[in-house]
Amino acid sequence: MPALPAINLRNRTGRKPVTAPRRSEPIANYVVDCAIYVDGHRLPGTWNHQEAIEEVRRRGTGFVWIGLREPNEQQINGIAETFGLHELAVEDAVHAHQRPKLERYDNTLFMVLKTVRYLESDTRSASAEIVDTGELMVFLGRDFVITVRHGDHMSLAEVRTQLEDDPEQLALGPSAVLHGIADHVVDSYLDVTEAIQDDIDEIEAEVFEPRTRIDAEQIYMMKREVMELRRAVMPLTKPLQRLAEGYTPMIADEVRSYFRNVEDHLTKVSEMVGSFDELLTTLVDATLAKITIQQNTDMRKISAWVAIISTPTMIAGIYGMNFDLMPETEWAFGYPMVLVVMLVACIVLFKIFRRNRWL
């Protein structure tokens with residue numbers, strides 16, 4: 001039987017046809033999206049990472065944007081080998097728990113951003129957290145962008161949609177994607193700081209409201225969350241400065257000015273976070289002082305009632321010693337008279353303490 005002729009698997013566009021079974025189930029679990037962008041427009045079709053980068057390099061234009069969510073080492077190894085990602089950066093992307101930073105490995109940039117989300121009162125955990133944090137890692141190359149997300153929030157679907165709706169911006173290349181991500185993250189910082197500002201205003205009004213009891217633990221918890229926000233915001237200043245100043249030629253000149261705008265927004269957030277820390281410190285001092293005054297007031301009330309109760313107790317104690325020669329023991333009105341003396345003494349002491357505002 002003659003051998004069958006070789007079948008040409010490439011279509012007229014030059015790429016292999018992709019069918020749904022090509023994407024295996026394990027990949028679908030952690031690959032959020034994989035797309036090719038040419039001249040600011042997304043190419044139709046479903047791609048895996050290998051096919052996508054081959055198509056881009058065959059065309060000689062465009063770039064690949066792959067979104068990953070909490071991949072493990074085994075899952076990311078194939079992508080790391082295909083795109084030549086440095087093993088140290090890959091390790092950081094898998095294990096997370098990194099400070100915001102910007103590093104360059106040969107022809108690849110690696111950027112870490114902290115993501116934050118304000119938790120409404122009805123969605124907060126048992127630990128009463130106000131700010132939920134996550135991490136976002138970005139690998140940037142000449143013709144690819146790989147994002148790795150850790151956490152249940154800060155989906156990049158909105159960023160991808162906004163960029164796809166602006167082909168002119170997206171045509172600037174991978175650096176435009178990095179700017180869109182950084183801008184989205186910093187905007188979320190602004191939203192969180194505004195929400196925290198409202199919480200702090202409520203606490204401040206309660207602290208300085210007369211005759212209100214304040215729980216200092218609430219302020220300590222708020223201060224802890226502000227510190228968590230500071231750890232996300234402050235270290236990001238230097239990486240954004242480096243990107244705006246032309247740290248690497250992989251950032252297009254047209255995009256650098258946009259990073260300066262993001263840096264300005266981050267500066268505003270940093271100033272707000274710094275003011276939150278100072279204000280909360282002041283509120284802690286004011287709360288402790290108010291608690292001290294409340295405790296002193298309570299002690300005065302307790303002391304006043306002890307003094308009032310001790311007077312009849314002392315008189316009753318004397319007459320309870322059962323001596324034969326006691327004053328007025330043989331008088332018919334002695335017992336009522338002692339009760340009257342106790343009552344008058346208590347009333348007098350009560351009025352004295354009330355006039356001095358101890359009661």
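Is Phe 139 buried or exposed? At 1% relative accessibility, Phe 139 counts as buried, because buried means under 20%. The model shown in these views is a predicted one.

**View 1. Helix H10 and its bend at Ser 310.** Helix H10 covers residues 253-319, a run of 67 residues. At 1.5 Å a residue, H10 should span 99 Å, and its end C-alpha atoms are 99 Å apart, so the two values agree. At Ser 310 the helix bends by about 25 degrees.

**View 2. His 179 and its contacts.** His 179 belongs to helix H7, which is made up of residues 174-207. Its relative accessibility is 11%, so His 179 counts as buried. When neighbours within four places in sequence are set aside, His 179 is in contact with Gln 169, Val 255, Tyr 258, Phe 259 and Val 262.

**View 3. The aromatic pair of Phe 83 and Phe 144.** A pair of aromatic rings is described by the distance of the centres and the angle of the planes. The count of aromatic pairs comes to five. In the pair of Phe 83 and Phe 144, the ring centres are 4.9 Å apart and the planes meet at 55 degrees, so this pair is tilted. Phe 83 lies in helix H3 (residues 73-83) and Phe 144 in strand E7 (residues 144-150), so the pair ties together parts that are 61 residues apart in sequence. Phe 83 is buried, with a relative accessible area of 6%. Phe 144, at 4% relative accessibility, also counts as buried.

**View 4. The aromatic pair of Phe 110 and Phe 139.** The rings of Phe 110 and Phe 139 form a tilted pair, with 4.8 Å from centre to centre and 40 degrees between the planes. Distant parts of the chain are linked by this pair. Phe 110 is in strand E5 (residues 108-118) and Phe 139 is in strand E6 (residues 131-140), and the two residues are 29 residues apart. Phe 110 counts as buried, at 0% relative accessibility. The value for Phe 139, the residue of the opening question, is 1%.

**View 5. An aromatic cluster that includes Trp 65.** Tyr 37, Phe 63 and Trp 65 form one aromatic cluster. Over the face of Trp 65 lies Arg 160, at 4.0 Å from the ring centre.

Terms used: Residues numbered from 1 in each chain as written. Predicted model: local features only at pLDDT ≥ 70, side-chain atom pairs only at ≥ 80, totals over all residues. Heavy atoms only, no water. Helix = DSSP H or I, 4+ residues; strand = E, 2+ residues; numbered from the N terminus. Expected span 1.5 Å × (residues − 1). Bend = angle between axes of the 7 residues up to and from the residue. Buried < 20%, exposed > 50% of the residue type's maximum accessible area, 1.4 Å probe, protein only. Contact = heavy atoms within 4.5 Å. Phe/Tyr/Trp six-rings, centres within 6.5 Å; stacked < 30°, edge-to-face > 60°. Lys NZ or Arg CZ within 6 Å of the ring centre and 35° of its normal.
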